[in-house]
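Visitor: I'm new to this one. Could you walk me through how to read it?
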2 protein chains.
Amino acid sequence: MNIGDAAAQAGLPAKTIRYYEDIGLVKPRRDANGYRAFAQSDIHKLTFLARARALGFSIGDCRDLLALWEDSSRASSDVRQIAQEHLARIETKIADLADMRDTLKTLVRDCSGDDRPDCPILKRLGDPT
Amino acid sequence: MNIGDAAAQAGLPAKTIRYYEDIGLVKPRRDANGYRAFAQSDIHKLTFLARARALGFSIGDCRDLLALWEDSSRASSDVRQIAQEHLARIETKIADLADMRDTLKTLVRDCSGDDRPDCPILKRLGDPT
DNA sequence: CCTTGACCTTCCAGTGAGTGGAAGGCCTAT
DNA sequence: ATAGGCCTTCCACTCACTGGAAGGTCAAGG
């Protein structure tokens, strides 16, 4: 299967798949003409990667998860730990963003948004401490 | 004021301040020895930038906000629009992350996390559709 | 057989917002 | 005079792609 079809199957841009090959996540064989030839197992891996990335796992995590996936004697605790650490990072990020959101909401609410210059948003950003 | 003191005042790494000069956000004058000499107005700007960045505004937004801040005849509606668009982006991002979090939470909860290989997390990532 | 257009290849550069580090100049205190 | 702590510039690296240029390959239609 050529890269275009592989991309369609896995739901990833062809460019991304080439990149994943570059960094060693997939190793499709090559046809005589130099075209990448994706086996079903490659497609399966790419789909795995697409899903893991969609859950926000870093490429590093994906690499580890893929290795565990391929290791039939893995311990689920290893998988769980990766997921749990990732979950913690996401929760931190959500909390940070929620703080920003709350502040911004207040500022936007209090800003008249007309043609006058007075603006609590700029006031907040620029006021001397 | 030298860059070290400016950094301490503004709460930004010196490296970041140099970067901000590179991209034209601040333009401190130079002493005879080549050292940057930050005026109070520069410190004020840097503080503004630090706060805007802490609220998650992009450098592009910061540039625009800074220009509005310095323009005494600005319309607050312009400021408000920037903030509101940023707020919308943040809310989208929070929603995306919350989706990931929910999925991950379920998966982590359902994973035994012992030394056996069975794992709903890998199952979810690798199962044929 | 030739062309057209859709594929495919590699390689290079850029994104955002810095961060790390090397090599070297300057300033103050001892 | 020298030590150390500043400061300078410049280059490379981060992350996960993404865009584009230049060129090779393949199948279909004329």
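Guide: Nonpolar side chains in soluble globular proteins tend to be buried together. The largest nonpolar core here has 80 residues, and Leu46(A), Phe57(A), Leu46(B) and Phe57(B) have the most contacts inside it. Such a core is a set of buried Ala, Val, Leu, Ile, Met, Phe, Trp, Tyr and Cys residues joined through side-chain atoms within 4.5 Å, buried being under 20% relative accessible area (1.4 Å probe, protein chains only). Keep in mind that this is a predicted model, where local features need pLDDT of at least 70, side-chain atom pairs count only at pLDDT 80 or more, and totals for chains, interfaces and linings use all residues. Residues are numbered from 1 along each chain as its sequence is written, chains are lettered from A in the order in which they are written, and side-chain values use heavy atoms, leaving out hydrogens and water.

Visitor: Which residues does Phe57(B) touch?

Guide: Contact means heavy atoms within 4.5 Å. Not counting residues up to four places away in sequence, Phe57(B) touches Leu104(A), plus Ala52(B), Cys62(B), Leu65(B), Ile82(B), Ala83(B) and His86(B).

Visitor: What area is buried between chain B and chain A?

Guide: About 4,500 Å², with carbon and sulfur atoms giving 71% of that. Buried area is the accessible area (1.4 Å probe) that two parts lose on being put together, summed over both. Chain B and chain A each put 53 residues into the contact.

Visitor: How many salt bridges are there between chain B and chain A?

Guide: There are 2, a salt bridge being a side-chain nitrogen of Lys or Arg within 4 Å of a carboxyl oxygen of Asp or Glu. Lys105(B) and Glu91(A) form a salt bridge at 3.6 Å, N to O.

Note on methods. Buried means under 20% relative accessible area, exposed over 50%, partly exposed in between (1.4 Å probe, protein chains only).
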